[in-house]
Amino acid sequence: MSRLSDSQEREKIHSYLKTLGKYLSRLEVYESEEVLREIESHIFDAIDLKEVKGEPVDIDSILSGFGPPRQLAEQYVSHILHGTPPPPGFSALEVVKRGASKGLYWATAGFGYGVGAALILLAFAKLLAPQHVGVWSSANGNSIVIAIVNNPLQQGEDVLGMWLVPVAVIAGFLILRLTYSILRVFRGA
Amino acid sequence: MANEKDLESKWDVQLRKGTLDLVVLAALNGRTLYGLELLQLLHKFETTRITEGTLYPLLDRLKRDGLVTAQWRQEGETRPRKYYALTELGSNKLSAVSRRWQQAVSDINHLLAHPGPAPLNDEE
């Protein structure tokens, strides 16, 4: 390990692993950490072995066995890009997910789970306070209001009545399920 | 001579592509090895010398396919290492693939041992 006191050599290893980590970002965090840990362990084992044998340690030569970081990472993530077929009807997302950023992932999760949960809560609210929760149609059907109010809207007609409960539960569940499926495709699971 | 070496090298690459799973499963048969040990073992043979960049992603795939297990272990003062071993599924696959390999070797040897123009008799 004495050779590694050379900061240039340490820097080469650090830089290689850092670049590799960047290209492994499509994997789950724990997966990419596991890959990096194993490769780092191999590099240090290989250095130790050279030193035990009394051979010169050439970091570049050890790293070249792994190939360029991008090429190595591609082999680890190829099953995500090519190996897992998307669920039926989701083939277009296969293309989208390659460019999907973390922001898009979390925005989809927040919106999808938020709307789904809100619809299910709406159904519960309708059960608890049927007079104050509903879907009102006003302006001759040109406007729809979904609301939880103290005073029911007098000018409109409660379109669904108690049917709101099953409709909102089913719609909420479907949206939660759809969001889950879309996120799985994004993750490549 | 250079041409012959070149041909041999290309042939080795093609052969390795098709037999790499078999080679790694066979190397892990009855052994629990970490990456560097496995690599050193494969480097003892002329036609199974692969690089780190080939071995580790392959082990990752075999693990995902349930053919090998991987476990971090620390022995004594050494740093933790990830040890690989065959699963039951891996053993079964090794048995099946090695049977096909033996069959292929036998078939090819038979063809090599019986050049034309004499007809190739099945009963030979």
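This is a predicted model: local features need pLDDT of at least 70, side-chain atom pairs count only at pLDDT 80 or more; totals for chains, interfaces and linings use all residues.
1. Residues are numbered from 1 along each chain as its sequence is written, chains are lettered from A and ligands numbered from 1 in the order in which they are written, and side-chain values use heavy atoms, with hydrogens and water left out.

2. Start with chain A, which has 7 helices and 3 strands. These are DSSP runs numbered from the N terminus (helices: H or I, at least four residues; strands: E, at least two). Along the sequence the order is α-α-α-α-α-α-β-β-β-α.

3. Chain A has 189 residues, and 35% of them count as buried (under 20% relative accessible area, 1.4 Å probe, protein chains only). Take the contacts (heavy atoms within 4.5 Å) between residues at least 6 apart in sequence: 62% join residues at least 24 apart.

4. Now for the holes. Searching the whole structure turns up 2 cavities of 30 Å³ or more. A cavity here is a set of points on a 1 Å grid over the protein atoms alone where a 1.4 Å probe fits but cannot get out; lining residues have an atom within 4 Å of a point. Grid points are joined across faces, edges and corners, and a volume is the space filled by probe spheres set on the points.

5. The largest cavity has a volume of about 60 Å³. Chain A lines it with Glu38, Ser41, His42 and Asp45, and chain B with Tyr34, Gly35, Leu36, Tyr56, Arg81 and Lys82. Two or more lining residues come from each of helix H2 (29-53) of chain A, helix H2 (35-42) of chain B and strand E3 (81-86) of chain B. H2(A) gives the most, with 4 residues. By type, the lining has 3 nonpolar, 3 polar and 4 charged residues.

6. What lines the second largest cavity? Around its space of about 40 Å³ sit A:Val35, A:Glu38, A:Tyr76, B:Tyr56, B:Asp60, B:Lys63, B:Lys82 and B:Tyr84. H2 of chain A, helix H3 (52-64) of chain B and E3 of chain B each give two or more of these, and H3(B) has the largest share, 3 residues. This lining divides into 4 nonpolar, no polar and 4 charged residues.

Technical notes:
Buried means under 20% relative accessible area, exposed over 50%, partly exposed in between (1.4 Å probe, protein chains only). On a 1 Å grid over the protein atoms alone, a cavity is a set of points where a 1.4 Å probe fits but cannot get out, and a pocket is an open set with protein on both sides within 12 Å along at least five of seven lines; lining residues have an atom within 4 Å of a point. Ala, Val, Leu, Ile, Met, Phe, Trp, Tyr, Cys and Pro count as nonpolar, Asp, Glu, Lys and Arg as charged, and the others, Gly among them, as polar.
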